[in-house]
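Subject: Structure handover

Hello,

Here is the structure I promised to pass on. My notes on the domain interface and the salt bridges follow below.

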Amino acid sequence: MFLPHARPFAARAPRPERSSFRTLVPMFAAIATIAIAVPMSRAESEDRPNIVVIFCDDLGYGDFSCYGHPTIRTPNVDRMAAEGLRFTQFYSAAPVCTPSRAALLTGRLPIRNGLVGGKRRVLFHDSKRGLPADEITIAEVLQGAGYATACVGKWHLGHLPPYLPGAHGFDTYFGIPYSNDMDRTAAAPEGRAAFLDPKIAYWNVPLMRQDSIIERPADQTTITRRYTEEAVAFIRKNASKPFFLYLAHSMPHVPLFRSPEFENRSPRGLFGDVVEEVDWSVGAVLDALRAEGLSEKTLVLLTSDNGPWTTFGVNGGSAGLLRGGKGSTWEGGMREPAVAWWPGRIPAGRVTAELACTTDLFATVHGLLKIPLPDDRPLDSHDITPVLTGAGPSPRRDVFYYRDSTLMAVRRGPWKMHLITQAGYGQPEPVEHAPPLLFHLEHDPGESHNVAERHPEVIDELRARIAEHRAGWTPPPSLLDD
Ligand code: MG
């Protein structure tokens, strides 16, 4: 069973003020509150959409066909985009797994919660720590609002009981709690060879239900199918009440595995097979929503935690026209494919170049449910409902690109300034740039043409923005090496 919540959401709600009247006034106030609360709560219940987040692992900007991949076929994602909104400038908050996931769920840059930095960069199978209990997750907010909440898939925010999904607002959990390439066994060949012909026995990763291990090593060949079945069952079971489903695929992170039905189907080879199974999964989830009559009551967001792991060659994905990949703060490391779907609320068939980030889901959910944002901590989250509905521009103007705990680059509007660059995950030393590099991302999304010398005023503005961003808070120490 799950551990009880270290700090239930209800405990965070502001306490009602004490009345100075002892008897009559509280009684009248209570009657008045009931009279007002009944119609309000009914109205609110009709405006409480289900929230579904489908989070891929290491999927690149160029890996869906609606993002231009020539040989990976993703008809379900393409249909989702045709019925919804496709983003072209949507970011994860970190170029690697653990900090990116912490940011998605908390609306805060990972530099604020300790899940960055250190020597290890992400949590591992022998890590002792995880997402701190005092972080507020979207799941806690929605659970506190009466939603059924489920996490299915890769968690990677701590695999020990105090850090598992049950401690962070999820009623249920089913999945592999960290990356599928961890806890390598003696059966695995040395180095990268294990990934060329991957076998289940090479990685001793557990499959968990709640906080119990039910299979080890997890049979990864059926993991995408089983995650999907779990997600669909959750949707069916909770069709009559609001729910939050966080479906975080383990794929297409290496080692790549797919079900027998998807073997040797894609012209793109093994990586294409894996993405095509993820595409099937997207279709199965949307079909379940349609079948239950929930299409117009459900916001679905599909995106990825970070860019493609290009150092794995043909087994890594593609960032399309963007430079770099996983681990780097070039665009390919953090700009992600992203599709939002909510028939009736999100107009069909639009493509937007408005800026948005995974951290924006936190404020957006608060806005949709009319729940005030917490005011006891800095947030990095904007309500992007106007972008979703087409009602207006994005309130987001900036993107901060951290590699671990180092601020490497900043974007404001179309301008991106790099202070430091580094090729990618496990690649050569960082290069400091003085003067910084400057790219106009709308003219030059591939970051090929440094225009710093021609725009010193933009460099000054971006430096000022960084100073403003850094003022008034100190990052906590890293938790990743404990
Ligand atoms: Mg990842």
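The interface comes first. Note that this is a predicted model. In it, 26 residues of domain 1 are in contact with 26 residues of domain 2. Three residues, R121, T329 and W330, supply 28% of the area that domain 1 buries against domain 2, more than any other three residues. Between them, the two domains bury about 2300 Å². Carbon and sulfur atoms account for 56% of that area.

For orientation, the domain assignment puts domain 1 at 48-396 and domain 2 at 400-470. Their C-alpha centres are 26 Å apart.

Now the polar side of the interface. The rule finds 11 residue pairs in polar contact across it, with both residues at pLDDT 80 or more. On the domain 1 side, β2 (85-91) and α8 (331-334) each supply at least two of the residues that touch domain 2. That side of domain 1 divides into 13 nonpolar, six polar and seven charged residues.

Two salt bridges are counted between the domains. What is the partner of K416? K416 pairs with E331, and their closest N and O atoms are 2.9 Å apart.

Next, salt bridges overall. The count comes to 28. Side chains of opposite charge can pair when their charged atoms come close. Some pairs to look at:

- R258 and D273: the closest N and O atoms are 3.1 Å apart. The pair links distant parts of the chain, 15 residues apart. R258 is in the loop between β7 (243-248) and α7 (270-291), while D273 is in helix α7. Both residues are buried.
- R377 and D376: this salt bridge has its closest N and O atoms 2.8 Å apart. R377 counts as buried because its relative accessibility is 16%, under the 20% cut-off.
- R465 and D398: their side chains meet in a salt bridge at 2.7 Å, N to O. R465 lies in helix α11 (residues 456-470) and D398 in strand β12 (residues 398-403), 67 residues apart. Are these two buried or exposed? R465 is buried, with a relative accessible area of 16%. D398 also counts as buried, at 9% relative accessibility.

Salt bridges that share partners join D57, R101, K154 and D305 into it.

Best wishes

Terms used:
Residues are numbered from 1 along each chain as its sequence is written. This is a predicted model: local features need pLDDT of at least 70, side-chain atom pairs count only at pLDDT 80 or more; totals for chains, interfaces and linings use all residues. Side-chain values use heavy atoms; hydrogens and water are left out. Domain bounds come from an automatic or database domain assignment. Contact means heavy atoms within 4.5 Å. Buried area is the accessible area (1.4 Å probe) that two parts lose on being put together, summed over both. A salt bridge is a side-chain nitrogen of Lys or Arg within 4 Å of a carboxyl oxygen of Asp or Glu. A polar contact is a pair of N or O atoms within 3.5 Å; within protein, one must be able to donate a hydrogen and the other to accept it, and residues adjacent in sequence count only if both atoms are side-chain atoms. Helices (H or I, at least four residues) and strands (E, at least two) are DSSP runs, numbered from the N terminus. Ala, Val, Leu, Ile, Met, Phe, Trp, Tyr, Cys and Pro count as nonpolar, Asp, Glu, Lys and Arg as charged, and the others, Gly among them, as polar. Buried means under 20% relative accessible area, exposed over 50%, partly exposed in between (1.4 Å probe, protein chains only).
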